[in-house]
Amino acid sequence: MINTKVNIAGVELKNPVMPASGTFGSGKEFCGLIDLNRLGAVVTKGVSNIPWEGNPTPRIAETYGGMLNAIGLQNPGIDTFIERDLVFLKQFDTKIIVNVVGKSISDYIEVVERLGDEAVDLLEINISCPNVKEGGIAFGQNPASAMEITSEIKKKAKQPIIIKLSPNVTDIREMAKAAECGGADALSLINTLIGTKIDIHTGRFALANRTGGLSGPAIKPVALNMVYQTANAVKLPIIGVGGIRNAEDALEFILAGATAVEVGTSNFVNPASMEKCIEGIERFLEKKGISDINSLIGTVC
Amino acid sequence: MINTKVNIAGVELKNPVMPASGTFGSGKEFCGLIDLNRLGAVVTKGVSNIPWEGNPTPRIAETYGGMLNAIGLQNPGIDTFIERDLVFLKQFDTKIIVNVVGKSISDYIEVVERLGDEAVDLLEINISCPNVKEGGIAFGQNPASAMEITSEIKKKAKQPIIIKLSPNVTDIREMAKAAECGGADALSLINTLIGTKIDIHTGRFALANRTGGLSGPAIKPVALNMVYQTANAVKLPIIGVGGIRNAEDALEFILAGATAVEVGTSNFVNPASMEKCIEGIERFLEKKGISDINSLIGTVC
Amino acid sequence: MEYKRESVLITSQVKITSDIYRISFQSVTMAQNGKPGQFVTVYCRDGSRLLPRPFGISEIDKEKNEVSFVYKVVGGGTEEFTTYRPGEFMEVMGPLGNGFSLDGKKALLVGGGTGIPILLELAKQIKQTTGREAVTVVGFRDETYLTAELSKYSRVLVATEDGSKGTKGNVLDVINQSGLEADVVYACGPHPMLRALKNHFGPLQVELQISMEEKMACGIGACLACTCKSRETDPYTKVHNKRICKEGPVFDSNEVLL
Amino acid sequence: MEYKRESVLITSQVKITSDIYRISFQSVTMAQNGKPGQFVTVYCRDGSRLLPRPFGISEIDKEKNEVSFVYKVVGGGTEEFTTYRPGEFMEVMGPLGNGFSLDGKKALLVGGGTGIPILLELAKQIKQTTGREAVTVVGFRDETYLTAELSKYSRVLVATEDGSKGTKGNVLDVINQSGLEADVVYACGPHPMLRALKNHFGPLQVELQISMEEKMACGIGACLACTCKSRETDPYTKVHNKRICKEGPVFDSNEVLL
Ligand SMILES: Cc1cc2nc3c(=O)[nH]c(=O)nc-3n(C[C@H](O)[C@H](O)[C@H](O)COP(=O)(O)OP(=O)(O)OC[C@H]3O[C@@H](n4cnc5c(N)ncnc54)[C@H](O)[C@@H]3O)c2cc1C
Ligand SMILES: Cc1cc2nc3c(=O)[nH]c(=O)nc-3n(C[C@H](O)[C@H](O)[C@H](O)COP(=O)(O)OP(=O)(O)OC[C@H]3O[C@@H](n4cnc5c(N)ncnc54)[C@H](O)[C@@H]3O)c2cc1C
Ligand SMILES: Cc1cc2nc3c(=O)[nH]c(=O)nc-3n(C[C@H](O)[C@H](O)[C@H](O)COP(=O)(O)O)c2cc1C
Ligand SMILES: Cc1cc2nc3c(=O)[nH]c(=O)nc-3n(C[C@H](O)[C@H](O)[C@H](O)COP(=O)(O)O)c2cc1C
Ligand code: FES
Ligand code: FES
């Protein structure tokens, strides 16, 4: 028997594959397309203390091998989320990871506290959204701010916290260490790279927000390098994110040092991406005669 | 008549299109494939004071919509460069921009001084190569170092200097301002994003150097955003680089604030890329009834 | 859930104007569950283009399990689709969105540009269910298309900007000149057209169902890329941003900001 | 300059083993200027794959202006090439690299795996120019290919790892068993094979021309992706890194580090 179970901060996932926040809603829309019970976990869209409207449209633009988004974290707020989305997700045999956003530290803490007694397994603290003015990336580009918000949230969180890092920094290792010092239980990386697109025929930006976050296979080499760098700089478990399309990509991240992976943009390209990823990992382990996926983590040389 | 002439630090280019350093050698190999006289300028491969061997192979790897390279600046050194490459380039009716690299400030200065009396129009100072241990990016990720090397080189340079910036920083505007303060005459951006790739079948990095620089259309949105940000932060003319494949891409950079553009990886995909770019720009201006390309620079809104 | 992503067999591909094509394919799910006003998303073969392209369903043949859409070549994706041949497969998801609501009232159908094709299945179903032919007003720049097909199920009035066919002008000119009236108006086309229709029929208290467009990533309501400002709060996030791919693409014109 | 990048007409595509194909196309430049041991680079249609794929020329028909190469499916690019059909076009640059040097001496040709196809044009030209048939030793894992074609121009000896055809073992086993001698050895195949040949023929002072491989970006000597460590300094940068795409792919075995 092959073991694909991995452990993130004490939470055991049946396999290392889950959706990246914001590309899967709370799973409902994907229900007839894939089996949610197959997933290692579901990571929800970012949730704030009150409903957020997000940015004006156009909110997305396709780029070469990738896409830009500036959704701006539209979400129903924690109340509706708990009443509806969490109730929905609890039906499935999968772990629940809630992506938390806020404009201020106290916003974040409000969400984290509301989730304290809920059936949520892990909290993914998004300090890396490039598409909102306050909060988001403001915490994610400065080690001191990252450490502060991490330690403040850690004090109140009943679930282990994953800090989601931004790639838009000079040295990802400094950010990772700051989160580690602040008490993070795990890290996820990367969020999107800041990018833009211009319509030369109108002379205007393709996105109403002017800039957006670049995601998709185009960014995979950057994400993979950051995961590798981070894995060699901190002791925390890492969830690798960025351009993962299939088992081969997922395994690259695992070899680079990730314990688990999130699939984002590829869910739009093919909703079956995550299931294929899981099957492909199993096949790879079998073929190679590797009995435990954990023995692969960080073994690249 | 449509004007496609642009001016970089007092040097007039017949059009804004030129190769990105390192993707075109010194032009010789492309000679039968395209007409060098058509180009706004030729930017040479990085040149150091003495010959450099570069990194072990494999030095490149294809990625989704892009590629990684870790050539490591193999080059014949300034002597051979002047005797052979410069003599070759002088035959053509195009401007000559020499990309300068070094391990220390004095290395850079040695090259710059050797070129002082040569028929070179502009110097592009590469402080952003991610593939060498010393020099390169070490100067390009820290504003103080960038300012210092710029001002030291500026003191000795007889030609105007273009500082080539690295995208692997938290805030490109700070780096641009540092170069501006140091006395740069122009900026070019971006060099490659640091990335990596792993062969899951062997468990090894795809590149002997482990990490490499990501280039190609995959990175265009990142480059375009950085050009836009920089154009709004400094007064210097900017040369936009990163993933440019065709006239549409080039025009995006010009609208974002670039005065000229460099085409890199696309030369590998189709050697005719630059010529197509130039023709496409001319067609666009004609169709839109724009008489001077300079009227487009930085007009995105 | 009624939508599926499938590899579908292409049964025909026809060039109908200089830059507009109709493609038909086989899908039980989409043919049996599809309604007029719903759409499908098509996935490109070329790996550099990741996102699905949405197209309104133009015809449904439930017996043959065949679905068609009509597309105009505007960029890389639609350029790629022109190379697809009958017998080949393509990746499609659908049927998506809400579709028009048909209620047997006296209907006027109005379409402009690439908004015209979806009126075909609508006209057909109106004729089939009510026995009556609706009036369809279609506006073109110059080259007309699908008017013969639409005439099988409805009385068609044409406007062209250059006056080369039908009334010189736009669909509103036709509506005004012919004094067209209706209990419900179904419309799909460019924003200025939709706005003009709203200004015209709004004061007359005529129900106006409009089909909207926005850039999409998931096409199924999960990513929140395709929202539009709505009067009511949306069911998903309880703000005022309805999802065009889910609560739409068809909206009551009073419901959304144009 | 003798190389060109062209959109070439595909004249045939044949599957010759479970995962090896031969493709032929028309090109005046490549057919007239091409030599055995030179290669061409092929550009993918799928935009997610940017870099050209290098393949050694396996046959040249100067009268028909036709060039062929034989490729094994190992990844996305070669997978894509299998879908190309005669009558379609593909993007190719060539002829590239130096090629073998033919000097009329008694030749032994040695190939392993995908290194075998380029020996075909070589064997043909040796026979044509010298009137004598060379000996060709080819090694396979199990499934053999091209041996019939090679036999038209040379005496072919086969080794298979599983012993299903010819000698059980590798090409060195054949060379030793048959006591093969030559004044010049031309070899193309995996590094271990090349190293074994160097160890065998080096001490015998036999000239050994080997064809090398490395990942390429430009294919024409401009990017310095494809270097190998060389004994002499390279003409380009005056270090000891010869470019496989330019100074190679064929090197004297004494010249390069294996
Ligand atoms: C609900 C809906 C129904 C549609 N029905 C039709 C139809 O029946 N016939 C038809 O010809 N067109 C229709 N469109 C528009 C069609 O989706 C675009 O023309 C098509 O996506 C362009 O793809 P491309 O690759 O050729 O263009 P590109 O401009 O290269 O596409 C780049 C990106 O922008 C998106 N995009 C470009 N234009 C539009 C647009 N107008 N709306 C939404 N996304 C766009 C593409 O999907 C892609 O993600 C519809 C759009 C929507 C939202
Ligand atoms: C001078 C030369 C001659 C060659 N001749 C032949 C031949 O006659 N027949 C044949 O079957 N193969 C030959 N090869 C190998 C062939 O180029 C690769 O198998 C092919 O590029 C794989 O492409 P892919 O997209 O299927 O694989 P992928 O692994 O998906 O390719 C990814 C990238 O790696 C490169 N790559 C992968 N394998 C190799 C390799 N072995 N050498 C160089 N680059 C590689 C590809 O070109 C591409 O850039 C030759 C290689 C060289 C350098
Ligand atoms: C449409 C969209 C919405 C996103 N929303 C969120 C979000 O709410 N919270 C978050 O932490 N990341 C969000 N992200 C970032 C992704 O979770 C992920 O980090 C990024 O897209 C890189 O992964 P990918 O290349 O697999 O998409 C979003 C990405 C996309 C494309
Ligand atoms: C093979 C290769 C070699 C390069 N060598 C250099 C170099 O010597 N000096 C330099 O400043 N940049 C070098 N670069 C970076 C390019 O000049 C350019 O900044 C980068 O590739 C982004 O542009 P692109 O996406 O158009 O390739 C190199 C890039 C590649 C792909
Ligand atoms: S396209 Fe994703 S919500 Fe509509
Ligand atoms: S592949 Fe560019 S130098 Fe050989």
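What distance lies between a backbone N or O atom of A:S21 and an oxygen atom of ligand 3?

Modeller: That distance is 2.7 Å. The structure is a predicted model, in which local features need pLDDT of at least 70 and side-chain atom pairs count only at pLDDT 80 or more, while totals for chains, interfaces and linings use all residues; side-chain values use heavy atoms, with hydrogens and water left out. Residues are numbered from 1 along each chain as its sequence is written, and chains are lettered from A and ligands numbered from 1 in the order in which they are written.

Start with what is around ligand 3. A residue is near a molecule or strand if one of its heavy atoms lies within 4 Å of it. There are 23 residues around ligand 3, and those that come nearest are A:S21, A:K164, A:G216, A:G243 and A:T265. By class, six of this shell are nonpolar, 15 polar and two charged. Here Ala, Val, Leu, Ile, Met, Phe, Trp, Tyr, Cys and Pro count as nonpolar, Asp, Glu, Lys and Arg as charged, and the others, Gly among them, as polar.

The 2.7 Å pair at A:S21 falls under the rule for a polar contact: a pair of N or O atoms within 3.5 Å; within protein, one must be able to donate a hydrogen and the other to accept it, and residues adjacent in sequence count only if both atoms are side-chain atoms. Side chains take part too. An N or O atom in the side chain of A:N99 is 2.9 Å from an oxygen atom of ligand 3, and the side chain of A:N126 has an N or O atom 2.9 Å from an oxygen atom of the ligand. The protein covers 98% of the 600 Å² of accessible area that ligand 3 has on its own. Such areas come from the Shrake-Rupley method with a 1.4 Å probe; for residues, only the protein chains shown count as cover.

Chain B holds ligand 4. Around ligand 4 there are 23 residues, of which B:S21, B:K164, B:G216, B:G243 and B:T265 come nearest. The shell around ligand 4 divides into six nonpolar, 15 polar and two charged residues. A polar side-chain atom of B:K164 is 2.7 Å from an oxygen atom of ligand 4, and a polar backbone atom of B:G264 is 3.0 Å from an oxygen atom of that ligand. For ligand 4, the protein covers 98% of the 600 Å² of accessible area that it has on its own.

Next, the two chains themselves. Contact (heavy atoms within 4.5 Å) links 41 residues of chain A with 41 residues of chain B. The size of an interface is often given as the accessible area lost when the parts come together. Buried area is that loss (1.4 Å probe) for two parts put together, summed over both; for chain A and chain B it is about 3800 Å², 66% of it on carbon and sulfur atoms. On the side of chain A that touches chain B, at least two residues each come from β11 (193-196), β13 (204-205), β14 (211-215), α6 (220-231), α7 (247-256) and α9 (273-288). Helices (H or I, at least four residues) and strands (E, at least two) are DSSP runs, numbered from the N terminus. The largest share of that side, six residues, is supplied by α6(A). Its residues divide into 21 nonpolar, 13 polar and seven charged.

Salt bridges do occur elsewhere: the count over all chains is 52. In one of them, A:R38 pairs with A:E282, with the closest N and O atoms 3.9 Å apart. A:R38 lies in the loop between β3 (17-19) and β4 (41-43) of chain A and A:E282 in helix α9 of chain A, so this pair ties together parts 244 residues apart in sequence.

Last, a backbone detail in chain B. Most residues other than glycine have a negative phi, and most peptide bonds are trans. Phi of B:R210 is near 70°, a positive value in a residue other than glycine. B:R210 is placed in the loop between β13 (204-205) and β14 (211-215) of chain B.

Technical notes
Salt bridge = Lys/Arg side-chain N within 4 Å of Asp/Glu carboxyl O.
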